[in-house]
Every structure is written in C-alpha cells, then in structure tokens.
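Biologist: I would like to go through this model with you. Let us start with the overall fold and then turn to one residue.

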Amino acid sequence: MVFPKEEFILRRKKVLEAIEPNSVVILPGKIQTEAFVPFRQAKDFYYLCGLEVPNSFLLLDGRNKRSILYLPRREHLESSEGSTLSADDPEAVIGLTGVDDVKSSEEFLDDIPKSVGVIYMPLKPEFRIPPGPLSGWMSMTEQLMERVKGRAPEAEIRDISPILASLRLIKSDVELKVMRFAGRLSALAVTEAMKCAKPGVMEYQLAAVAEFIFRINGARGSGYPPIVASGPNIWYGHYSRNDRMLQDGDLVLMDCAPDYKGYTSDIGRMFPANGRYNQWQKELYGFVVEYHKALLRRIEPGVYAEEVLAGAAREMQKVLEKVKFSKPIYEKAAREMLTFKGHLSHSVGLSVHDPGNYWNEPLHPGLVFSVDPQMWVPEERLYIRVEDTVLVTENGVEVLTGSAPYEPDEVEKVMQEEGLLDKIGHYLHLCDS
C-alpha cells in the first residue's frame with residue numbers, strides 16, 4: 001500500500017460530502033485479462049482505496065456514509081500469480097484501506113439498494129468500439145449500467161467522473177512526495193538519453209535507456225508509451241513507433257515518464273543527434289526555451305492561467321523585436337505561437353493527462369500540470385516544444401522535472417558525457433552477429 005489508510009478515508013469522505021444523502025456511488029475496478037499482462041487498476045478506483053486487486057467494486061453509501069469493498073474470493077485470484085488480498089482477508093483489507101466492510105464480489109449486485117434516488121457511477125466507456133461489424137457490442141461500463149438499471153430501475157444514473165476529477169486535481173502532501181520522485185526519474189531518464197544519443201543509435205534504444213532508469217529505481221516501467229522522435233518524426237506530436245535510426249543533423253524529441261507507485265509525470269526535451277544544435281535548431285528551440293521560462297516566472301497561486309499566458313506573450317513580443325530569424329516562416333511561427341492557448345496544458349497525476357480543469361479559477365497550491373510551449377512550422381514540418389511538470393506552491397512554482405537541462409548550451413555540455421549505451425556497448429546489436 002502506497003499511502004496510509006487515512007488518506008483514502010479522507011478522499012472517500014469528500015466524495016460522500018459531494019453527493020446527495022439518498023444516493024450511492026458505484027465504482028468498478030478493472031477486470032483481469034486472461035493474457036499475461038501486468039495488471040493496472042482503474043485510476044479512480046485506485047484513488048479511493050489503493051488496492052490493485054482485479055474484478056473488484058467499491059460502494060459508497062450516502063445514506064449512512066459507509067464504504068464497502070467487494071473483492072473476489074481467494075480461489076479466483078491465486079491460481080497462477082500467487083497470493084493477494086481477497087474477500088477472505090477482511091481484517092487486512094480494512095486495516096489497509098479504512099473501509100467499513102469487505103464482501104465478496106458475488107454479493108455486489110444484490111447490495112445495490114432498489115429504493116435509492118441517485119446512483120453515481122462512471123458513464124464513459126473504458127474503451128470505444130469503432131463503427132464496423134463489432135459496433136453493436138457493449139463495453140464493460142455499459143454492461144454494468146444495464147445491470148444497475150435492472151437492480152434499481154427508478155434511480156437516476158449520474159456520472160461520478162466530474163466529482164472525482166475535481167478531487168484529483170489538487171494533490172495532497174503524500175501524493176506530492178510520490179510525484180516529486182516521478183518527476184526526478186523523468187528528468188534523469190531524458191538526461192541519460194541525451195548522453196546516449198548519436199548518429200546510428202536507434203530511437204528504441206533511447207526509449208530502452210529510459211525504461212532502465214525507471215525500473216532500476218522502483219517504477220513499474222513507463223507511465224505511457226514513450227515518444228522518441230528524430231528527424232522527420234518530430235512533426236508527429238504523439239509518435240511512438242520509435243523505430244528510426246538517428247541521423248547526423250537530426251533534432252530529437254523525447255517525452256517519457258515512469259509509472260511510479262501508480263503516479264506519473266511529463267517532460268519534453270529536444271536535443272541534436274550529433275551533440276551540437278545547428279543554426280535553425282538553436283534559433284527555434286532557443287525561442288521556445290525563452291518562452292518556457294517566461295511562463296514559469298508567472299506561475300503562482302491566485303493568478304489565472306490566462307493571465308500567465310498573456311504576461312508571457314507580452315514579454316516575448318519584446319524579444320521578437322530583437323530576434324533576427326533566418327527565415328520569414330520562422331518569425332511567423334514564433335508570432336503565431338504567442339496566440340496559442342495550449343501552452344499551459346493538462347493536469348498530471350495518476351494519469352499523464354489527468355482529469356480536471358484548472359482554467360476557470362485561480363491557480364491553487366497543490367495543482368500539478370504540464371507547461372508545454374509549442375511551435376509549428378508547417379512549411380518545413382517542424383514541431384518544437386519544451387515541456388515540464390510543475391507544482392503550484394504557496395509561494396510560487398516548483399518544477400518537478402527541472403533537473404533535466406533545456407538551455408541549449410547545457411544540453412550540448414551534457415551530451416559530451418559518457419552514456420549508458422557507451423558502457424554496455426557489447427550488448428548492442430546481438431541480432432546482427
């Protein structure tokens with residue numbers, strides 16, 4: 001268990017305070033597939049109880065403020081993967097999560113009250129089936145909704161997701177301890193990849209360097225598919241095939257983060273494959289770096305995201321008057337960049353794109369989000385960005401991924417150091433021997 005039970009008790013209490021007295025919350029965990037795939041719990045379920053047990057359910061009862069966990073019996077869980085918590089361990093489960101009761105998953109549907117007024121549950125399917133021969137199939141979410149309606153046909157069904165998204169937006173002290181480490185791992189992984197980059201290295205080898213850094217430091221691998229885009233691949237914002245060889249003169253975009261105790265981070269750096277930025281790379285990347293710093297200087301509690309963007313844009317307008325771009329299309333891209341609203345991006349937490357909207361109110365301490373200024377030069381299919389995960393503190397901002405260099409001179413200096421691939425070179429390309 002990552003957090004003390006008091007953390008989960010407080011989270012569930014806040015949910016119960018947000019719903020009507022004559023209502024219940026139903027939250028399913030993820031099912032376990034029969035394939036040998038590492039199990040990852042549903043994020044909202046994990047947020048409220050911290051258990052990684054598949055095929056589980058959580059019921060929060062607004063009428064009596066009780067919480068009940070429904071887990072499979074032991075014989076359904078331990079046949080192939082070893083011991084885990086089950087419905088046969090009620091005292092242990094209560095001790096870890098602070099719930100009021102533990103029952104078998106088989107009892108779950110029977111315990112849904114028929115006379116309840118409102119039932120809150122996730123309404124967004126966990127996957128979508130595209131139009132085609134399978135489009136008539138129901139997702140697990142839709143199947144559960146049908147069962148719930150059959151049990152309590154008079155109840156109003158509402159989406160619990162907005163309530164949970166609002167709670168997940170502001171991180172607690174115990175969450176921040178985990179996220180600080182996840183941020184340091186992200187920065188360490190990208191920095192090590194910089195040291196390993198050179199013409200002839202494969203994109204997937206830099207991804208492997210990051211995976212090594214994550215796993216050797218206790219993460220369960222990557223929190224999302226890593227982006228290692230070189231040369232023409234930098235145009236694609238979420239490129240993840242990672243199967244191209246780095247060429248002399250390439251710019252490399254790397255975006256990766258760990259799955260550390262259920263939490264992740266987000267980072268983006270761009271570095272030259274040969275260790276030295278050429279003129280256009282330093283010109284464009286350097287401008288984005290300056291804008292990135294202008295955004296960071298303005299983040300503090302009490303200001304609106306819109307104010308941060310507007311202030312940074314005003315500052316960079318003055319910079320534009322002094323910069324001499326080598327091509328008119330570069331200056332055009334820089335000017336258009338200052339009008340884009342997505343540079344203060346998504347919330348970060350249990351998911352890299354965590355739910356929750358922080359734009360409609362002042363920034364609060366405990367808010368963690370991505371600062372990701374981006375520039376597009378469509379005429380040359382160039383996409384330039386610098387990304388960090390930041391925390392709004394009582395006094396300003398803390399950059400959780402800030403230990404990875406982004407200043408061009410600092411990046412070039414780091415890239416002269418020996419990297420992991422240099423140290424294990426005798427293991428590389430064994431398939432070619």
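Modeller: First a term: helices, of at least four residues, and strands, of at least two, are DSSP runs numbered from the N terminus. Bear in mind that this is a predicted model.

Biologist: How many helices and strands does the protein have?
Modeller: Counting by those DSSP runs, the protein has 14 helices. The strands number 15.

Biologist: Why is the protein as compact as a globular protein of that length?
Modeller: The globule rule gives 22 Å for 433 residues. The protein is close to that value, so it is as compact as a globular protein of that length; its radius of gyration is 24 Å.

Biologist: What share of the contacts with a separation of 6 or more comes from residues 24 or more positions apart?
Modeller: Contact means heavy atoms within 4.5 Å. Among contacts in the protein with a separation of 6 or more, residues 24 or more positions apart account for 69%.

Biologist: How far apart are the mean positions of the positive and negative charges?
Modeller: The protein has 51 positive and 63 negative charges. Their mean positions are separated by 3 Å.

Biologist: Is Ser 186 buried or exposed?
Modeller: Ser 186 sits in helix α8, which covers residues 173–196. Its relative accessible area is 0%. The cut-off is under 20%, so Ser 186 is buried.

Biologist: Which residues does Ser 186 touch, not counting those up to four places away in sequence?
Modeller: Leave out the residues up to four places away in sequence. Ser 186 then touches Phe 214, Cys 256, Ala 257, Pro 258, Ser 265, Ile 267 and Thr 401.

Methods
Residues are numbered from 1 along each chain as its sequence is written. This is a predicted model: local features need pLDDT of at least 70, side-chain atom pairs count only at pLDDT 80 or more; totals for chains, interfaces and linings use all residues. Side-chain values use heavy atoms; hydrogens and water are left out. The radius of gyration is taken over C-alpha atoms; the globule rule is 2.2 Å times the number of residues to the power 0.38. Lys and Arg count as positive and Asp and Glu as negative; His and the chain ends are not counted. The place of a charge is taken as NZ of Lys, CZ of Arg, CG of Asp or CD of Glu. Buried means under 20% relative accessible area, exposed over 50%, partly exposed in between (1.4 Å probe, protein chains only).
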